Amino acid sequence: MIRKHSATLHDHRTSFSLEDEFWADLKTIAASRSMSLAALISEIDDHRPPDSNLSSALRLHVLSWAKAGCGRRP
């Protein structure tokens with residue numbers, strides 16, 4: 001299911017839509033890097049191309065992480 005989420009990035013409130021599975025993996029990535037979810041989202045936002053949207057950038061980040069083998073389940 002796709003849900004709308006909100007986050008504060010650099011003192012600016014923003015929202016994005018993301019499927020539950022991507023949201024769960026973002027939490028896993030943040031935990032594995034010992035950082036807050038907001039910090040991870042800010043980092044992804046800072047590095048996304050200016051012509052892309054945050055939702056897409058978050059999905060692509062999770063996909064890249066999974067393709068690198070970091071998302072393997074035991």
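A salt bridge here is a side-chain nitrogen of Lys or Arg within 4 Å of a carboxyl oxygen of Asp or Glu. The model is predicted, so that local features need pLDDT of at least 70 and side-chain atom pairs count only at pLDDT 80 or more, while totals for chains, interfaces and linings use all residues. Residues are numbered from 1 along each chain as its sequence is written, and side-chain values use heavy atoms, with hydrogens and water left out.

**Exercise 1. Salt bridges**

*Solution.* Step two takes the pair Arg3 and Asp20, whose side chains meet at 2.8 Å, N to O. This pair links distant parts of the chain, with Arg3 in strand S1 and Asp20 in helix H1, 17 residues apart; helices (H or I, at least four residues) and strands (E, at least two) are DSSP runs, numbered from the N terminus. Arg3 counts as partly exposed at 40% relative accessibility, and Asp20 is partly exposed as well, at 26%, where buried means under 20% relative accessible area, exposed over 50%, and partly exposed in between (1.4 Å probe, protein chains only).

Step three turns to Glu19 and Arg59, whose side chains also form a salt bridge of 2.8 Å, N to O. Because Glu19 lies in strand S2 and Arg59 in helix H3, the pair ties together parts that are 40 residues apart in sequence. Glu19 is partly exposed, with a relative accessible area of 24%, and Arg59 is partly exposed at 21%.

Arg33 is partly exposed at 40% relative accessibility, and Glu43 is partly exposed at 27%.

**Exercise 2. Packing of the helices**

Describe how H1 and H3 pack, and then find what the buried residues of H2 pack against.

*Solution.* Two packed helices are described by the angle between their axes and the distance between the axes. For H1 and H3 the angle is about 65° and the axes are 10 Å apart; axes are lines fitted to C-alpha atoms, for helices over the stretch in contact, and angles run from 0 to 180 degrees between N-to-C directions. The contact (heavy atoms within 4.5 Å) is made by Phe22, Asp25, Leu26, Thr28 and Ile29 of H1 and by Leu58, Arg59, His61, Val62 and Trp65 of H3.

For H2 (residues 37-47), the buried residues are Leu37, Leu40, Ile41, Ser42, Ile44 and Asp45. The buried residues of H2 pack against strand S1 (2-9), strand S2 (12-19), helix H1 (20-32) and helix H3 (54-67).

**Exercise 3. Positive phi in the loops**

Locate Asp11 and Ser34, and decide whether each is buried or exposed.

*Solution.* Most residues other than glycine have a negative phi. Asp11, in the loop between S1 and S2, has a positive phi, near 65°, and Asp11 counts as exposed at 79% relative accessibility. Ser34, in the loop between H1 and H2, likewise has a positive phi, near 55°, and Ser34 is exposed, with a relative accessible area of 70%.
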